[in-house]
Amino acid sequence: MTTALYAGSFDPVTYGHLDVIERASRLFDRLVVAIGVHHEKKSEFDASEREAMMRDLVAPIAARTGGEIEVVTFACLAVDIARRHQARVIVRGIRNSSDLDVEVGMAGMNAAMAPEIDTVYFGASSGVRHVASSLVKQIAKLGGDVTAFVPPQVAEKLRARYPAG
């Protein structure tokens, strides 16, 4: 059984994240979606909210793909949570060349710390290449419609936080 880890803040989870999760779930027997908790970083949603949203959103993906998807939170290095869950692969999504520059650097650092864990990149699908959590939050804060970028339950939570007005 091959286990992969997909780590991120998922604040909020977007259709881009779900695209990577679905594609990774088709390739790996088990996918651990690890939600990062960084105490120095201000998150829109707290860890328990992000974890609950993610669990609801990945359940139908697991049913469709037949893969096992586990959702966890972590406050350590990605390689440490990967080791804890016996992941041999770290999955990363890439939207553009800027992402690639950052991700290659991270993969190099991870490889130095954990040479037994490989990094696999998923190029963003064309329909979600433009979606970024930071932009989704900015649109929501300014009263814009985010339904094209996030699942309905996430859009609803953002609308509750930032009612149009």
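Does Val128 count as buried or exposed, and at what relative accessibility? At 14% relative accessibility, Val128 counts as buried (buried means under 20% relative accessible area, exposed over 50% and partly exposed in between, with a 1.4 Å probe and protein chains only). The structure is a predicted model, in which local features need pLDDT of at least 70 and side-chain atom pairs count only at pLDDT 80 or more, while totals for chains, interfaces and linings use all residues. Residues are numbered from 1 along each chain as its sequence is written, and side-chain values use heavy atoms, with hydrogens and water left out.

Val128 lies in the loop between β5 (118–123) and α5; helices (H or I, at least four residues) and strands (E, at least two) are DSSP runs numbered from the N terminus. Apart from neighbours within four places in sequence, Val128 is in contact with Tyr15, Gly16 and Asp19, where contact means heavy atoms within 4.5 Å.

Helix α6 spans residues 152–161, and Val154, Ala155 and Leu158 are buried in it. These residues cover an arc of only 100° around the axis, which puts them on the same side of α6; the arc is that of the directions from the helix axis to the C-beta atoms. An α-helix has 3.6 residues a turn, so residues three or four places apart point the same way. The cover over the buried residues of α6 includes α2 (47–65) and α5 (133–141). Pro152 and Ala160 are exposed residues on the face of α6 turned away from its buried side.

Leu77 is located in the loop between β3 (68–74) and α3 (78–84). Leu77 counts as partly exposed, at 42% relative accessibility.
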